[in-house]
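The sequence and the model are shown first.

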Amino acid sequence: MKYSSKMDWWLTVVVFGGMIFAIGSSGLAVFKDTPNVGELIVALLFPILLSIFIVWLWLTTYYVFDDKYLIVRYGPFKKIIPFYSIKSVRKTMNPLSSPALSLKRLEITYGQYDTVLISPKDRDEFMDVLAKHCPHAKIIRS
C-alpha cells in the first residue's frame, strides 16, 4: 500500500519561490557582468541542477507498506524500516528536515535510537495500518 506525502501549500510556495529566486539571481549576475566560461557554468548550472534535485525530491516523496517493511522514499533516497524494529509512532509538528512535505507529521521511532519524520496525507489511516503491521509498537494518537 502506497501513501503519498501531504504537501503544505505554503511550504510549496517557499521552496519553489526560493528556487526561482536562486535561478533569477544567478541569471542576473551572469548577464550583469561578463563572466568567464567557468563562472558562467557554475552560476547557471548549479542553481538549475539544485532545482531539478529539489523537484525530484518533491515529486517522489511517498511511503510504502511492504510485507515486512515500511519503505520511505524521497528522490534518490530510500529508507527501509523493518516492522519488528518500530517502537513507537506519534503525531508531531517538528520542523526538522525530513522526508515530509508538511508540518503535520508522524515521528516513527525504530531500531536502537533512530527516528524518521514523515507526513502521509491521512495520518490517522496511516497509523491504523501501521498498528496492524506493528502490534508491538506504541501508537500515540494525541
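The sections below describe a helix pair and a pocket.

## Basis of the model

The model is predicted; local features need pLDDT of at least 70, side-chain atom pairs count only at pLDDT 80 or more, and totals for chains, interfaces and linings use all residues. Residues are numbered from 1 along each chain as its sequence is written, and side-chain values use heavy atoms, with hydrogens and water left out.

## The helix pair

Helix α1 covers residues 9-32 and helix α2 residues 37-59; their axes come within 8 Å and cross at roughly 165°. Helices here are DSSP runs (H or I, at least four residues), numbered from the N terminus. Axes are lines fitted to C-alpha atoms over the stretch in contact, and angles run from 0 to 180 degrees between N-to-C directions. The two helices are therefore roughly antiparallel, a term for angles over 145 degrees.

Among the residues that make the contact are Phe-16 and Met-19 of α1 and Pro-47 and Trp-58 of α2, where contact means heavy atoms within 4.5 Å. By class, the contact has 15 nonpolar, 4 polar and no charged residues.

## The largest pocket

The largest pocket has a volume of about 280 Å³. A pocket is an open set of points on a 1 Å grid where a 1.4 Å probe fits, with protein on both sides within 12 Å along at least five of seven lines; lining residues have an atom within 4 Å of a point.

Of the 14 lining residues, Leu-57, Trp-58, Ser-98, Ala-100 and Leu-101 are the closest to the centre. α2 gives the most to the lining, with 3 residues. The lining comprises 10 nonpolar, 3 polar and 1 charged residues.

Key. Parallel < 35°, antiparallel > 145°, perpendicular 65-115°, else oblique. Nonpolar A, V, L, I, M, F, W, Y, C, P; charged D, E, K, R; others polar. Points joined across faces, edges and corners; volume = space filled by probe spheres on them.
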